[in-house]
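Biologist: Please bring the model up on the screen, and then take me through it slowly.

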Amino acid sequence: MDRQQISRLAHAHHPIAAPLDDDSVRRLLAHAVPGDGARVLDLGCGGAEWLLRALTGHPRLTAEGVDVSASALDHARGAAARLGVADRLTLHHEDAARFAAPHGFDLVLCVGSTHAFGGLPATLAAAREHLAPGGRVLVGDGFWEREPSPEAVESLGDLDDLPTTLDRVVADGWTPVGGHISTRRELDDYEWAWTGALAAWALDHPADPDRAQALETAIAHRDGWRRGYRDCLGFLCLALRPTDT
Ligand SMILES: C[S@@+](CC[C@H](N)C(=O)[O-])C[C@H]1O[C@@H](n2cnc3c(N)ncnc32)[C@H](O)[C@@H]1O
């Protein structure tokens, strides 16, 4: 079982592949989608859950998603067909950092996928290149709520604290026009959903050759969360507009 399959199973019972509940996703989209008829891009879209919600809520909106996971994109394709929005969704199986489009977008999303660009500043620089005039960005990334342990830094990389994250975004020429800081409940629910879905799949498939790996991965992830980063990791979503247009 490769990382993409593990990720798909682990995200089976959570609204999106990031620590936000349904209501937070709904409120952020309501804030970020510039209106019906908008063109939306999601870099690192996974199963395209953000785009599917935007498409079902806005009958004239068109959307494009980019991801390196073929299984996540297959899942997105199936869901789009079931929801009757497949004709307005284009999916690109490629590296988001190399994606180029012949037109700009009114909204560029990148939630939980900033590692595809090497971090938040590089993600925002890439998103800016895709923006149509008047466009905005919805980005979601981790930050240190408290001083991280060496184990947390090793598994999650070199993040900033919240004030520093915001200062850097503003210094980079962006103005936050909305946002959301994941609650402790959203953060915990996400980790329980991740580890629980994978462990449950292993228990439901006793004869599957991937069972042991799925169970070990769930246990290792739960340990890494509980012992390594539960007390120091936060997650921030920002709706941003370029300060100078
Ligand atoms: C944590 S998931 C977030 C998915 C989605 N944005 C969401 O909020 O539900 C991260 C996604 O980034 C994708 N990804 C990782 N590296 C990538 C890259 N270089 N280009 C495109 N997608 C990438 C993964 O395949 C995965 O689907």
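Predicted model: local features only at pLDDT ≥ 70, side-chain atom pairs only at ≥ 80, totals over all residues.

Biologist: OK, how many helices and strands does the protein have?

Modeller: There are 9 helices and 7 strands in the protein. Its C-alpha trace spans about 55 × 45 × 30 Å along the principal axes.

Biologist: What share of the residues is buried?

Modeller: Buried residues make up 42% of the 245 residues. A residue is buried if 20 or more other C-beta atoms lie within 10 Å of its own, exposed if 12 or fewer do, and partly exposed in between, with C-beta atoms placed from the backbone.

Biologist: Let's switch to Ala-48; where does Ala-48 lie?

Modeller: Ala-48 lies in the loop between strand E1 (39–43) and H3, where H3 is the helix covering 49–57. Ala-48 counts as buried because it has 28 C-beta neighbours inside 10 Å. Its phi is positive, about 60°, although Ala-48 is not a glycine. For background, most residues other than glycine have a negative phi.

Biologist: Now the other end of H3: is Leu-61 buried or exposed?

Modeller: Leu-61, which lies in the loop between H3 and E2, counts as buried because it has 23 C-beta neighbours inside 10 Å. Its C-alpha is 5.4 Å from that of Asp-36, although the two residues are 25 residues apart in sequence. Leaving aside neighbours within four places in sequence, the contacts of Leu-61 include Val-33, Asp-36, Val-40 and Arg-88; two residues are in contact if their C-beta atoms, placed from the backbone, lie within 7 Å.

Biologist: What about the ligand, which residues come nearest?

Modeller: Of the 20 residues around the ligand, Ala-17, Gly-44, Gly-46, Ala-96 and Ala-116 come nearest. A residue counts as near a molecule or strand if its C-beta atom, placed from the backbone, lies within 6 Å of it. H3 and strand E2 (62–67) each supply at least two residues of that shell. By class, the shell has 12 nonpolar, 5 polar and 3 charged residues, where Ala, Val, Leu, Ile, Met, Phe, Trp, Tyr, Cys and Pro count as nonpolar, Asp, Glu, Lys and Arg as charged, and the others, Gly among them, as polar.

Biologist: Changing topic, at what angle do H1 and helix H8 pack?

Modeller: H1 and H8 (residues 184–204) pack at about 105°, with their axes 7 Å apart. The axes are lines fitted to C-alpha atoms, for helices over the stretch in contact, and the angles run from 0 to 180 degrees between N-to-C directions. H1 and H8 are therefore roughly perpendicular to each other; that label covers 65 to 115 degrees, whereas angles under 35 count as roughly parallel, over 145 as roughly antiparallel and the rest as oblique. Ile-6, Leu-9 and Ala-10 of H1 meet Trp-194, Ala-197, Leu-198 and Trp-201 of H8, and by class this contact has 7 nonpolar, no polar and no charged residues.

Biologist: And what is the angle between H1 and helix H4?

Modeller: H1 (residues 3–10) and H4 (residues 70–83) pack at an angle of about 40°, with their axes 8 Å apart, which makes H1 oblique to H4. Gln-4, Gln-5 and Arg-8 of H1 and Ser-71, Ala-72 and His-75 of H4 make this contact, and they divide into 1 nonpolar, 4 polar and 1 charged.

Biologist: Last one: which residues is Thr-243 in contact with?

Modeller: Leaving aside neighbours within four places in sequence, Thr-243 is in contact with Gly-173, Trp-174 and Thr-175. Thr-243 lies in the segment after strand E7 (233–242) and is exposed because it has 11 other C-beta atoms within 10 Å. Trp-174, by contrast, lies in strand E6 (residues 174–181) and counts as buried because it has 22 C-beta neighbours inside 10 Å.

Terms used: Residues numbered from 1 in each chain as written. Helix = DSSP H or I, 4+ residues; strand = E, 2+ residues; numbered from the N terminus.
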